[in-house]
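Here is a short briefing on one protein chain. Look over the sequence and the structure, then read the points below.

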Amino acid sequence: MKHQILVDMDGVLADVYAQYIALEYAESGIKLIQKELNGIREEELPAFRKHVQKPGFFRTVPLMPDSIEGLRYLNNKYSVLIVSSATEFPNSLIEKQQWLNEYFPFISWKQMIFCGRKDSIKGSIMIDDHPKNLGVFSGKKIIFTQPHNTCLRDNSYHRVSGWKDIMEIL
Ligand SMILES: [Mg+2]
């Protein structure tokens, strides 16, 4: 039987920072540099919450580099579940499903879990960018590097900086 692997969307499959930076530039003219956001929590970024709540944010978010190849690789080897916190922003539910259908047609609706907290979802491996999700998970924890988690040092996490890393270690 294949091991079950839980894959996050925002900050893992979806490049939320690229979307945020583009929207903030379009609105304010201020061009933020992703590297300069290292160590800053998402909630502390200017207008982050406002942009995330806009209709279309999740429907048009760019892909994380190599995520299609990477998720196809995992899907052939593991039992993949896409687990995404979506109920905080209810508009995002349909947008997220449409986005997954567009870019990852090999992932069926049965593999999509849109939830609030993730602590009741079982699996052997979790790939996520947020310690709040990894911290309560009992299997192997893989942290996907994003600006808000760059300062985190925790030996219980395996850190990856992109999908190429994931395909190497899994
Ligand atoms: Mg995430």
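Into which domains is the chain divided? It is split into domain 1 (4–15 + 62–169) and domain 2 (16–52). These bounds come from an automatic or database domain assignment.

This is a predicted model: local features need pLDDT of at least 70, side-chain atom pairs count only at pLDDT 80 or more, and totals for chains, interfaces and linings use all residues. Residues are numbered from 1 along each chain as its sequence is written.

**The two domains**

- The centres of domain 1 and domain 2, taken over C-alpha atoms, are 21 Å apart.
- Domain 1 gives 11 residues to the contact, and domain 2 gives 12 residues. Two residues are in contact if their C-beta atoms, placed from the backbone, lie within 7 Å.
- The side of domain 1 that touches domain 2 has five nonpolar, four polar and two charged residues. Here Ala, Val, Leu, Ile, Met, Phe, Trp, Tyr, Cys and Pro count as nonpolar, Asp, Glu, Lys and Arg as charged, and the others, Gly among them, as polar.

**The sheet**

- Six strands form an open sheet with parallel pairing, in the order E3-E2-E1-E4-E5-E6. Helices (H or I, at least four residues) and strands (E, at least two) are DSSP runs, numbered from the N terminus. Two strands pair if DSSP finds at least two bridges between them.
- Strand E3 (112–115) and strand E6 (157–160) stand at the edges. Each has a single partner strand, so one side of each is left without a neighbour in the sheet.
- Neighbouring strands are turned by 20° against each other on average, direction ignored. Axes are lines fitted to C-alpha atoms, for helices over the stretch in contact, and angles run from 0 to 180 degrees between N-to-C directions.
- Strand E1 (residues 4–7) pairs with strand E2 (residues 79–85) in the parallel sense over four bridges. Gln-4 stands opposite Ser-79 in E2.
- E1 also runs parallel to strand E4 (residues 125–128), joined by three bridges. There, Ile-5 has Ile-125 as its bridge partner.
- E4 pairs with strand E5 (residues 140–144) over four bridges, again in the parallel sense. Met-126 has Lys-141 in E5 as its bridge partner.

**Helix H3**

- Ser-67, Gly-70 and Leu-71 are buried in helix H3 (residues 67–77). A residue is buried if 20 or more other C-beta atoms lie within 10 Å of its own, exposed if 12 or fewer, and partly exposed in between; C-beta atoms are placed from the backbone.
- These three cover an arc of only 90° around the axis, which puts them on the same side of H3. The arc is that of the directions from the helix axis to the C-beta atoms.
- On the other side of H3, Glu-69 and Asn-76 are exposed.
- The buried residues of H3 pack against E1 and helix H6 (163–169).

- Leaving out residues up to four places away in sequence, Lys-96 touches Met-9, Phe-58, Ser-84, Ala-86 and Phe-114.
- Phe-58 is 38 residues from Lys-96 in sequence, yet 6.0 Å away in space, C-alpha to C-alpha.

**Two positive phi angles**

- Most residues other than glycine have a negative phi.
- Ala-47 is not a glycine, but has a positive phi of about 60°. Ala-47 is in the loop between helix H1 (16–28) and helix H2 (48–52).
- Asp-66, also not a glycine, has a positive phi of about 65°. Asp-66 sits in the loop between H2 and H3.
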